[in-house]
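I opened this entry to keep track of what I looked up.

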Amino acid sequence: MQMKNVLFKKKESKLSRRITWRVILIMAVFNLFIFGVVLLSDFALAEIQSQMRAQHIIYNIDGKLVTMFKTVEIATINNVAEIEANLDNPAKVYDALEHEFRLNDRYVGCAVAFEPNYYASQGKWFEPYVSFLNGSNERTGNGEDTQIERKQIGSALHDYFSQEWYAKGLDLEKGKGYLTDPYHDKEGGGRFLCSYVSPVFERNGRKVAVYSIDLNLDWLVNTIISEENKIKKLESVENESDSIDEDNALFIQILDSKGRKIAGSEDFDEKTLQNILKKDSIEFEKIKMKGTTYFISSKRIANTGWTLVVAQHIDFVFLYGYALGIIVIFFMIVGCIVMFFYTRHSIRRATKPLGFLSDSAQEVAKGNFDTELPTFKYQDEIARLRDSFGTMQQSLKGYVEELKESTALKASIESELNVAHGIQMSMLPKTFPPFPNRDDIEVYAIQNPAKAVGGDLYDFFIRDEKLFFCIGDVSGKGVPASLVMAVTRTLFRNVAAHTAKPGHIVETMNMSICEGNEENMFVTLFVGVLDLSTGLLRYCNAGHEAPYVQGVLLPCNPNLPIGVMPEWKYIEQEVMIASNTTIFLYTDGLTEAENVVYEQFGESRTTSVIHATKNSPQELIDAMADAVHQFIGETEQSDDLTMLAIKYMNA
């Protein structure tokens, strides 16, 4: 129960928090990515929807205009034909105009502008015109009782010959017509109008007049206002976004060929106006107008110089995108909060067994290997981890017992090795100076084994005024080499006690080492006998490094190491040495010592130290040892190092 209480307090573990925040971070990044994709897609769809809306408005209004133009065109052809049939009488021309005028409720007036002096009785300017009386635009009943006014409006003040519509009308072919730009006609309807004009021909094909129908544009203005209100009502601009002015959210304009506004509520700046007029159509283009961004679409109306333009405020275009973004952000925040608490709770429950296991592991780490491990309901990865931990717990118990035994055994072996090291070192001369009562000889030696015990050896003694000395290196290291070293040193002492010939000493030792040498171990050995009275040095080298005599390598015949071939005949050599001559002997642990880059100390460095040291054997060996230690640095010693120096000083 106490363990469970402790574990309950640890539910705020670093692991659960770390996993929780990582999961939340991953989900947040994923949600942001989804949000971005949805928002970008929504904005793209909003653009497509707005483009389709603009095209729908354009096609709707353009269709109404085309229908009107077609109706006017047909009526014009009929009326012109009737006028051409009555050109002989000006009164009949008035009758024909009035007949057509009564049939169409969108006409403000009808006129025929004749060539100069076509009717001599009418003068230079003759333009019969029919319209409602006093400019009224109201019809009553079936139109028969409506007051129609007839008048001749051509005059020097109303010189239609100079008007653009008259000149263009005369240039048209028979049956063709065109719609003029809007104008204010004081002489005609007295209002803002546009006219559809077509030429009038005599029977002989000569153009004699221009027929015109003045059209009321109020219906067009009302159509545009109706389209704007319908779209704004559908989109609910006034309720959905306070940042968009209702009047500027969407507006429609019709421009004449010179860019003047025919109908609509907003004016374009000059740059935007020129961009619209130079193109026959604009699908969906973003512009900056008066500091505000709009998307515009436009189309040139057939058979006119007019251009229909639909402009939509950028906020109006992306209104639903903004709304969706706010909704998505709201639900993302709510979802993240819910997900955070749910994920944290779930991860805490999932990681709670790890807390149980962690406490048990701490007890085991303290050395309580009998600590009971928790059990889990589900056989999942944590349960398998618990089973593995139980196996490890049992293994640790066994390992600790084995470790105790091996530690005790290792301590025993180390103790025995220390004893063996002491025994080995006691076998070698270690008192210096060894001959304090003699002034004709100085000897100094050291041995540094690579392990507790080594295979190098040196020895020396004086018998019959002769200095017997040797230095050797057993193949291998450790205990086996130390045993062979002890045997070799004992053989040297025993054999040298009965003969003063180095060759005989080496041969005898070789035969003894070869007997029963099942491990095939061998010893490189140098044996020397120095006659202290004469300075004659006799020596035999059995595969060992040649010693230095006064800084120069002593010539040595090649011989096999002892322990290789029992029948081998070793060659003995001799040389006379002068007084104050130093003999320096060493094992290969000196020249083959390596530094961190595996570079060897070598013979050249050995020679340099010998030449630089001209004093006693001890100073020479100490200088050589210092040079080797500086060279190898922190590198572990890889081989036994043994050095022996003898200085002969017979006067």
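This is a predicted model: local features need pLDDT of at least 70, side-chain atom pairs count only at pLDDT 80 or more; totals for chains, interfaces and linings use all residues.

**Entry: backbone**

I began with the background: most residues other than glycine have a negative phi, and most peptide bonds are trans. Then I looked for exceptions. The peptide bond from F432 to P433 is cis, and its omega is near 0 degrees. Where does P433 sit? I found P433 in the loop between helix 11 (381-427) and strand 13 (441-448).

Next I checked N520. Its phi is positive, near 55 degrees, and N520 is not a glycine. I placed N520 in the loop between helix 13 and strand 16 (523-531).

**Entry: helix 12 and helix 13**

I reminded myself that two packed helices are described by the angle between their axes and the distance between the axes. Helix 12 covers residues 478-496, and helix 13 covers residues 502-514. Their axes lie 10 Å apart, at an angle of about 135 degrees. That angle makes helix 12 oblique to helix 13. The crossing of helix 12 past helix 13 is right-handed.

Which residues make the contact? From helix 12 I listed V487, T488, L491, F492, V495 and A496. From helix 13 I listed I505, T508, M509, S512 and I513. Sorted by class, this contact of helix 12 with helix 13 has 8 nonpolar, 3 polar and no charged residues.

**Entry: helix 15 and helix 16**

I repeated the check on helix 15 (residues 602-612) and helix 16 (residues 617-632). Their axes come within 9 Å and cross at roughly 140 degrees. So helix 15 is oblique to helix 16. Helix 15 passes helix 16 in a right-handed crossing.

On the helix 15 side, R605, T606, V609 and I610 make the contact. On the helix 16 side, I noted L620, A623, M624, A627 and F631. The class count for helix 15 with helix 16 is 7 nonpolar, 1 polar and 1 charged.

**Entry: the largest pocket**

How much space lies in the largest pocket? I read about 520 Å³. Its lining has 26 residues, and W165, Y178, T180, D181 and Y183 lie nearest the centre.

I then asked which elements each supply at least two residues of the lining. They are helix 4 (164-171), strand 4 (178-179), strand 5 (183-185) and strand 7 (207-216). By class, I recorded 8 nonpolar, 10 polar and 8 charged residues in the lining of the largest pocket.

Methods:
Residues are numbered from 1 along each chain as its sequence is written. Side-chain values use heavy atoms; hydrogens and water are left out. On a 1 Å grid over the protein atoms alone, a cavity is a set of points where a 1.4 Å probe fits but cannot get out, and a pocket is an open set with protein on both sides within 12 Å along at least five of seven lines; lining residues have an atom within 4 Å of a point. Grid points are joined across faces, edges and corners, and a volume is the space filled by probe spheres set on the points. Helices (H or I, at least four residues) and strands (E, at least two) are DSSP runs, numbered from the N terminus. Ala, Val, Leu, Ile, Met, Phe, Trp, Tyr, Cys and Pro count as nonpolar, Asp, Glu, Lys and Arg as charged, and the others, Gly among them, as polar. Axes are lines fitted to C-alpha atoms, for helices over the stretch in contact, and angles run from 0 to 180 degrees between N-to-C directions. Angles under 35 degrees count as roughly parallel, over 145 as roughly antiparallel, 65 to 115 as roughly perpendicular and the rest as oblique. A crossing is left-handed if the near helix is turned anticlockwise from the far one by less than a right angle, and right-handed if clockwise. Contact means heavy atoms within 4.5 Å.
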